[in-house]
Amino acid sequence: MRLLVNKIAIALSSLTAILGLIFLGWILITLILKGSTALSPYIFTHDLVNNGIRNLLWGQFVLAGLASAIGIPVGLLAGIYLQEYGNHTRYADFIRDLSDVMMSAPSIVIGTFIYAIIVIPVGHTNGWAGIAALFVMMLPIVVRTTDDMLSLVPTELREAGIAIGAPKYHVIFHIILKAAKVGIMTGLILAFARIVGETAPLLYTSGSTIYMETSLSQTFPSMTVSIYNLATMPDEKLVALAWAAALILTIAVLALNLIGRFLIKDRRL
Amino acid sequence: MKNKMEINHFSFTYKGAKAPSLNNITLPVQTHKVTSIIGPSGCGKSTLLRSMNRIHDLYPGNTYEGEILLLDKDGNQQNILDIKKENEFIHLRQKVGMVFQKPTPFPMSIFDNIAYGLKLTGLKNKHKLYDYVEKSLRDVALWEEVKNRLYDDARGLSGGQQQRLCIARVIALKPEVILFDEPTSALDPLSTLAIEEMIFELKQNYTITIVTHNMQQASRISDYTAFMYLGDLIEFDHTETIFIRPKEKQTEDYITGKFG
């Protein structure tokens with residue numbers, strides 16, 4: 001009887017795993033089939049106005065890159081504070097809980113919030129608003145990753161550093177961060193991969209444009225928003241372009257995730 | 001014989017605890033001798049050791065009374081419990097080094113593990129650094145084993161080697177006192193033997209206090225032994241006296257394995 005239950009459990013869990021894989025494969029195959037038709041060197045050298053995606057790629061990575069450039073240092077320092085300085089204080093616990101809540105906040109809510117506080121006063125969608133929305137999305141992820149990874153570093157290592165006469169900040173920046181380096185790096189890559197594929201926070205903030213744009217105070221090109229726009233166009237060529245853009249974005253995010261996973265596997269200790 | 005440290009009427013209470021973990025401890029630590037502190041788990045021996053370089057102060061909220069004096073050659077004394085400033089703490093910890101139960105190599109090369117503390121003292125000269133590193137590694141009998149891979153990650157060493165590296169890291173700073181907190185409890189018998197022999201050598205130049213669970217170890221390596229139980233110092237004497245003719249019944253029961 002127990003054997004039978006065991007077999008049923010194995011069968012059911014295998015079945016659901018296969019089901020998940022089937023859908024994943026389906027998505028990937030569809031993406032590749034539909035995306036590859038429009039895929040050509042041409043689209044990388046032309047902007048959307050000329051049926052290319054150059055400006056979209058540029059826009060997406062500038063938005064995500066600048067959001068990371070602000071979000072990573074701020075999040076790192078906050079994570080360090082939580083684990084190394086404020087640990088077990090009510091303030092730190094509050095911030096920690098808040099980060100958890102923020103992490104599960106729907107991204108459209110964050111987009112709407114930024115729309116209300118930046119886009120409406122400015123009067124039109126702009127790059128800074130997009131960066132702000134992605135920053136708000138990314139910050140709690142970076143904070144919690146840093147916090148978690150630092151918590152894995154054994155207490156003895158901190159004490160050993162202090163015990164040979166190192167000031168606390170020195171122990172944190174030269175010993176503890178080094179010990180948690182791989183984990184934190186992985187977390188940062190995954191956080192970037194997370195925001196680079198986001199649509200909802202950008203929909204009302206950066207918007208998107210068919211032209212190349214270098215000024216962040218203007219409506220800024222965004223690949224994800226444009227995929228959304230193009231997909232609803234009647235022109236089949238443009239829909240095919242949307243598929244190509246989706247394929248490229250998927251490959252980029254997948255690659256980032258794989259790098260992250262690879263780092264985790266490679267970590268020692 | 002001169003005392004290096006004197007613990008006088010020292011009591012210690014952890015943050016939030018109702019009862020003190022150490023009650024009115026008075027214990028001398030003699031210069032260039034090995035003093036071991038033994039007792040069952042939870043008797044406060046590690047707490048006492050960790051008070052001797054104020055490592056407890058990493059965690060705020062603990063309270064203490066009494067005094068712990070650190071004496072220099074000329075007989076000047078400093079109550080280390082009075083220390084409040086960060087740079088005085090740093091100075092104290094350079095004079096009173098500590099080796100922990102689990103080996104704690106820093107995530108850097110073997111060379112940098114030892115150079116780290118030296119650089120903190122302001123030593124920048126590359127040749128001098130190298131000389132100090134070599135000397136420290138020779139003192140812990142590790143030089144021959146690692147001289148060809150000084151720049152490899154220290155975490156690649158075996159447990160026993162890591163622990164010797166940690167000791168080298170401490171003695172590179174030329175401390176006056178070295179505190180050992182059960183330094184061999186995570187090691188195999190051969191590595192334990194190597195560390196014990198080293199401690200025997202080290203007492204020529206350093207004053208040593210060691211907390212150990214292992215009574216044989218205490219009897220093998222220490223000149224003086226203190227027996228603690230439930231936060232009290234029950235008995236302190238020459239090691240032979242403690243192990244052969246203890247004055248207190250509790251000490252005798254513990255030594256002979258009747259409890260603990």
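At what angle do the axes of helix α3 of chain B and helix α6 of chain B cross? In this predicted model, where local features need pLDDT of at least 70, side-chain atom pairs count only at pLDDT 80 or more, and totals for chains, interfaces and linings use all residues, the numbering runs from 1 along each chain as its sequence is written. Chains are lettered from A, and ligands numbered from 1, in the order in which they are written, and side-chain values use heavy atoms, with hydrogens and water left out.

The answer is roughly 30°, with the axes of α3(B) (residues 110–120) and α6(B) (residues 159–171) coming within 8 Å. Axes here are lines fitted to C-alpha atoms over the stretch in contact, with angles from 0 to 180 degrees between N-to-C directions; helices are DSSP runs of H or I, at least four residues, numbered from the N terminus. That makes α3(B) roughly parallel to α6(B) (angles under 35 degrees count as such). On the α3(B) side, Ile110(B), Asn113(B) and Ile114(B) meet Leu165(B), Ala168(B) and Arg169(B) of α6(B), contact meaning heavy atoms within 4.5 Å.

Turning to the two chains, 21 residues of chain A and 28 residues of chain B take part in the contact. Together they bury about 2,100 Å², 69% of it on carbon and sulfur atoms (the accessible area, 1.4 Å probe, lost on being put together, summed over both). Glu159(A), Ala163(A) and Ile164(A) supply 31% of what chain A buries against chain B, more than any other three residues. Glu159(A) also forms a salt bridge with Arg50(B), the closest N and O atoms being 2.8 Å apart; the rule (a side-chain nitrogen of Lys or Arg within 4 Å of a carboxyl oxygen of Asp or Glu) finds two salt bridges across this interface.

Terms used:
Helix = DSSP H or I, 4+ residues; strand = E, 2+ residues; numbered from the N terminus. Parallel < 35°, antiparallel > 145°, perpendicular 65-115°, else oblique. Buried area = accessible area lost by both parts, 1.4 Å probe.
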